[in-house]
Amino acid sequence: ECRELNHRFITFNTHHRPYIMLKWCQTANGFLDDHHRPVMLSTPFTQMLTHKLRAEYDAILVGRVTDERDHPRLDTRLWSGQSPRRIVLSHSSQHDSAQSVIPQLMADLYADGVQSLLVEGGAATHASFIEAKLWDELRVETSPLTVAGGTHAPDIPSCATLVSQKIWDGNVIRLFRRS
């Protein structure tokens with residue numbers, strides 16, 4: 001119970017990085033968008049739940065492509081509470097990769113005292129965090145909507161354990177923890 005209650009603090013002090021949740025919303029057939037164009041998959045209620053979640057995190061991160069394509073506000077406008085620190089993961093040159101930038105980012109966030117990080121994507125950003133094994137929880141919202149193509153959602157890693165599943169307005173929200 002103590003570990004559960006203090007999981008962010010323990011991760012921060014044990015691993016010298018923030019506690020990391022990867023969050024995405026996908027179609028029923030596993031896409032993040034509709035032919036690389038934004039599509040609204042969340043319902044008004046699940047959007048409010050996302051804003052509530054954001055209020056519980058110190059920082060929020062998206063990749064450069066998501067920032068340029070979607071222009072997300074990444075705030076808590078649908079929930080009371082402080083908006084998390086906004087971070088856009090970009091590469092300083094074409095020689096940099098997310099795998100080389102993310103460890104430095106984790107060190108910087110640790111040095112700044114950021115205990116929790118919510119990663120809202122996109123696909124390449126999520127894949128980079130999954131490949132680097134830099135995640136503690138996954139929150140996957142699945143809409144009943146299907147599309148004919150687009151950006152594939154990340155695969156759930158084999159070390160992920162389902163801890164809860166809820167249905168809100170027809171969307172399924174599953175929470176996984178690293179085992």
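The residues lining the second largest pocket comprise seven nonpolar, two polar and nine charged. In this classification Ala, Val, Leu, Ile, Met, Phe, Trp, Tyr, Cys and Pro are taken as nonpolar, Asp, Glu, Lys and Arg as charged, and the others, Gly among them, as polar. The model is predicted, and local features therefore need pLDDT of at least 70 and side-chain atom pairs pLDDT 80 or more, whereas totals for chains, interfaces and linings use all residues. Residues are numbered from 1 along each chain as its sequence is written, and side-chain values rest on heavy atoms, with hydrogens and water left out.

The volume of the second largest pocket is about 430 Å³. A pocket is defined on a 1 Å grid over the protein atoms alone as an open set of points where a 1.4 Å probe fits, with protein on both sides within 12 Å along at least five of seven lines; lining residues have an atom within 4 Å of a point. Grid points are joined across faces, edges and corners, and the volume is the space filled by probe spheres set on the points. The lining of the second largest pocket consists of 18 residues, and those nearest its centre are Leu53, Glu56, Arg139, Ile173 and Leu175. Two or more residues each are given to this lining by helix H2 (7-15), helix H3, strand S5 (137-142), strand S6 (160-168) and strand S7 (171-178). S7 provides the largest share, four residues. These elements are DSSP runs numbered from the N terminus, with helices (H or I) of at least four residues and strands (E) of at least two.

The largest pocket holds about 1100 Å³ of space. Its lining has 39 residues, of which Leu32, Thr66, Asp70, Pro72 and Glu120 are the closest to the centre. Strand S1 (19-26), helix H3 (44-55), S2, H4 and helix H6 (123-131) each give two or more residues to the lining of the largest pocket. By class, this lining contains 16 nonpolar, 14 polar and nine charged residues.

Strand S2 (residues 59-63) pairs with strand S3 (residues 85-89) in the parallel sense over five bridges; pairing requires that DSSP find at least two bridges between the strands. Within this pair, Ala59 is placed opposite Arg85 of S3. Together with helix H4 (residues 64-70), S2 and S3 form a right-handed β-α-β unit, right-handed meaning that, with the strands pointing away from the viewer, the path from the first strand over the helix to the second runs clockwise.

Across the whole structure, 11 salt bridges are found, each being a side-chain nitrogen of Lys or Arg within 4 Å of a carboxyl oxygen of Asp or Glu. One joins the side chains of Asp33 and Arg69 (3.4 Å, N to O). Asp33 lies in the loop between S1 and H3 and Arg69 in helix H4, so that distant parts of the chain, 36 residues apart, are linked. Asp33 is buried at a relative accessible area of 6%, whereas Arg69 is partly exposed at 37%; buried denotes under 20%, exposed over 50% and partly exposed the range in between (1.4 Å probe, protein chains only).

A further salt bridge is formed by the side chains of Asp67 and Arg86 (2.8 Å, N to O). Because Asp67 belongs to helix H4 and Arg86 to strand S3, the pair ties together parts 19 residues apart in sequence. Arg86 is partly exposed, at 39% relative accessible area. The side chains of Arg77 and Asp75 also meet in a salt bridge (2.4 Å, N to O). Salt bridges with shared partners join Glu4, Glu137 and Arg177 into one network.
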